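Please find below a short note on the model under review.

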Amino acid sequence: MNQIKIKISPETLSLIHQLTLIECRSKAYNHSDKCKKSLCIELFEILAKKCISYTKNPNGKPRTLSLKYHLAYYLYELLMAENYYKILSIYEANKLDMLKNDLHQLL
């Protein structure tokens with residue numbers, strides 16, 4: 001299975017962890033929404049493990065995030081939605097834009 005590996009800063013890791021948490025809390029009414037929510041929960045679990053491992057050794061270095069292709073694509077789609085950019089600072093939005101560009105090149 002294809003794995004997408006991307007270097008991610010601790011700040012960006014925390015941001016996408018927060019965004020997936022918000023997305024996981026949303027309601028799912030139809031089959032499409034339920035599939036997206038399932039992907040979101042799977043991605044959230046991976047990001048939570050990465051965040052926990054970072055808190056055990058907070059050295060500020062970028063982490064390698066390895067995602068299956070469908071999860072990387074879901075993350076890219078989540079970042080493309082731009083629903084959350086209005087609640088973020090310019091610095092945070094820039095971090096997510098850089099991640100979105102990196103994901104686009106790998107996908």
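**Note on helix packing and cysteines**

1. In this predicted model, helices α2 and α3 lie roughly perpendicular to each other. Their packing angle is about 100 degrees, and the axes are 10 Å apart. An angle from 65 to 115 degrees counts as roughly perpendicular, which is why the term applies here.

2. On the α2 side (residues 31–56), the contact is formed by Lys36, Leu39, Cys40, Glu42, Leu43 and Ile46. Helix α3 (residues 69–81) contributes His70, Leu71, Tyr74 and Leu75. Sorted by class, this contact comprises seven nonpolar residues, one polar residue and two charged residues.

3. The length of α3 agrees with expectation: its 13 residues should span 18 Å at 1.5 Å a residue, and the C-alpha atoms at its ends are 18 Å apart. Just beyond the helix, Glu82 adopts a positive phi of about 55 degrees.

4. Within α3, the buried residues are Leu71, Ala72, Tyr74, Leu75, Tyr76, Leu78 and Leu79. Their cover includes strands β1 (3–8) and β2 (63–68), together with helices α1 (10–24), α2 and α4 (90–106).

5. The structure contains zero disulfides. For Cys35, the closest cysteine sulfur is that of Cys40, at 13 Å, which is too far for a bond. Cys51 is likewise in no disulfide, with the nearest cysteine sulfur, in Cys24, 13 Å away.

6. Is Cys51 buried or exposed? Its relative accessibility is 17%, and the cut-off for burial is under 20%, so Cys51 counts as buried.

How values were computed:
Residues numbered from 1 in each chain as written. Predicted model: local features only at pLDDT ≥ 70, side-chain atom pairs only at ≥ 80, totals over all residues. Heavy atoms only, no water. Axes fitted to C-alpha atoms, helices over the stretch in contact; angles between N-to-C directions. Helix = DSSP H or I, 4+ residues; strand = E, 2+ residues; numbered from the N terminus. Parallel < 35°, antiparallel > 145°, perpendicular 65-115°, else oblique. Contact = heavy atoms within 4.5 Å. Nonpolar A, V, L, I, M, F, W, Y, C, P; charged D, E, K, R; others polar. Disulfide = S-S within 2.5 Å. Buried < 20%, exposed > 50% of the residue type's maximum accessible area, 1.4 Å probe, protein only. Expected span 1.5 Å × (residues − 1).
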